[in-house]
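Please keep the sequence and the structure in view while reading.

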Amino acid sequence: MTSASETVKIGIIGSQFEADIHAASIAMGRHGEVVAVASPTPGNAQELADRYGIARAYTDYREMLADPAIDMVTITAPNRLHCQITLDAAAAGKHVVCEKPLAMTLEEADLMIAACEQAGVHLFYAEELFFTPKYVKAKEMADQGAFGDVYLVKQSEMHFGPHADWFWDVEQSGGGVFMDMGCHGIAFCYWFLGRRRPTAITAQMGTYVHTDKGRGEDHSFAIIEFEGGVIGHLEDSWARRGGMDDRVEVYGSEGVTYANLHMGNALPTYSENGYGYAVEKAPSTSGWSYPVYEELWNYGFPQEMEHFAKCVKGLATPDSTGRDGRVVQELLLAGYQSAGSGRKVELPFRPEGVVKPIDLMFSPLAL
Ligand SMILES: NC(=O)c1ccc[n+]([C@@H]2O[C@H](COP(=O)([O-])OP(=O)(O)OC[C@H]3O[C@@H](n4cnc5c(N)ncnc54)[C@H](O)[C@@H]3O)[C@@H](O)[C@H]2O)c1
């Protein structure tokens with residue numbers, strides 16, 4: 001275990017969108033320090049390293065894993081690679097922070113959890129909504145009884161589509177917006193409800209706007225039933241114009257709360273000229289836009305990374321692990337099965353021989 005006075009030495013795998021968020025977020029904390037980055041495209045890892053003053057840059061993450069000075073890696077590579085990289089990192093004795101969604105299949109999720117357990121390393125599941133201050137506040141109030149018996153939790157994330165092409169390639173991503181962002185909503189409802197057992201899911205999804213991009217769906221709805229009859233409701237979109245929208249609603253017998261992550265933390269802005277700051281996922285800053293200040297903090301990324309570093313130092317107990325990611329994975333698979341079959345899918349659901357979740361939408365199993 002890293003001693004109380006030392007920082008946890010971290011290597012980032014990947015160098016683009018989420019890697020930048022990890023590097024910036026870890027730099028805001030006290031317990032972690034990024035010492036290396038690995039990414040296959042020549043020059044990209046070095047660019048991130050230069051931007052954040054990171055000591056070493058590699059093109060092959062396996063070379064980085066051989067560095068005994070590294071305690072933990074964060075995986076910000078496409079979804080298809082999460083399992084193999086986790087297995088390699090566990091074999092090298094590194095703690096792992098794996099970005100969402102955990103994997104492509106339940107078989108992969110189980111392998112990842114088992115490999116980390118056998119190696120005696122943590123497998124953290126990077127779900128920042130467990131750390132988003134506004135959502136944490138909603139949960140604190142719910143846990144104190146502010147809303148009485150909570151019977152419905154809604155989470156929704158929408159924008160006009162991902163920043164990188166690989167998200168549209170279902171061989172690399174495993175699915176469209178439900179895989180990419182539905183995984184946040186599933187995790188959120190599960191966590192918000194105190195990890196109550198999900199019992200069934202009903203989903204509807206399709207490609208409504210980006211019909212030229214690939215096979216991934218661009219709008220999805222899902223209803224999750226949890227033990228005791230509580231409902232989780234998700235809606236996610238890659239087709240919604242106007243920048244990012246991320247919100248939560250909680251309904252109970254004695255009250256309700258609405259948490260709009262962006263609007264309450266943004267400056268409603270109109271500009272004929274546009275301005276330099278890139279509002280996340282907004283195609284332009286001319287016209288109406290909603291720039292968020294202290295965006296990483298409002299999302300909870302620095303708090304999340306600090307928590308993982310503290311866990312490695314033995315100063316905290318993990319709040320988000322591979323087991324949470326596995327619960328999400330099962331519901332992702334069951335959600336695609338529901339969308340493909342037009343029926344509610346009861347859990348446990350463990351389809352055999354599925355390569356990626358979206359396959360179940362195009363070829364649902366006969367249950
Ligand atoms: N938590 C969140 O809110 C959030 C937001 C965005 C992305 N993500 C997740 O982060 C992961 C990365 O997404 P992104 O948006 O950063 O994608 P990206 O396209 O911006 O970056 C992907 C990176 O992976 C690298 N990569 C590809 N093959 C690799 C390999 N063999 N070894 C090492 N690196 C490799 C690429 O070179 C690139 O640097 C995805 O799993 C995504 O779902 C999470």
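Strands (E, at least two residues) and helices (H or I, at least four) are DSSP runs numbered from the N terminus, and two strands pair if DSSP finds at least two bridges between them.

Strand E7 (residues 150–158) pairs with strand E10 (residues 231–237) in the parallel sense over 7 bridges. Within this pair, Lys-154 has His-233 in E10 as its bridge partner.

## Helices on the sheet

Touching, or contact, means heavy atoms within 4.5 Å.

## The buried side of H6

Which residues of H6 are buried? They are Tyr-135, Ala-138, Lys-139 and Ala-142, where buried means under 20% relative accessible area (1.4 Å probe, protein chains only). Because they cover an arc of only 95° around the axis, they lie on the same side of H6; the arc is that of the directions from the helix axis to the C-beta atoms. These buried residues pack against E7, helix H8 (177–192), E11 and E12. Just after H6, Gly-145 has a positive phi of about 90°.

## Helix pairs

The axes of H6 and H8 come within 11 Å and cross at roughly 30°. H6 is therefore roughly parallel to H8, a term for angles under 35 degrees. On the H8 side, Phe-188, Trp-191 and Phe-192 meet Tyr-135, Val-136, Ala-138, Lys-139 and Ala-142 of H6.

Helix H4 (residues 82–91) and helix H5 (residues 106–119) have axes that come within 9 Å and cross at roughly 10°, so these helices too are roughly parallel to each other. Residues in their contact include His-82 and Leu-87 of H4 and Glu-108 and Leu-111 of H5.

## Basis of the model

Residues are numbered from 1 along each chain as its sequence is written, and side-chain values use heavy atoms, leaving out hydrogens and water. As the model is predicted, local features need pLDDT of at least 70 and side-chain atom pairs count only at pLDDT 80 or more, while totals for chains, interfaces and linings use all residues.

Methods: Buried means under 20% relative accessible area, exposed over 50%, partly exposed in between (1.4 Å probe, protein chains only). Axes are lines fitted to C-alpha atoms, for helices over the stretch in contact, and angles run from 0 to 180 degrees between N-to-C directions. Angles under 35 degrees count as roughly parallel, over 145 as roughly antiparallel, 65 to 115 as roughly perpendicular and the rest as oblique.
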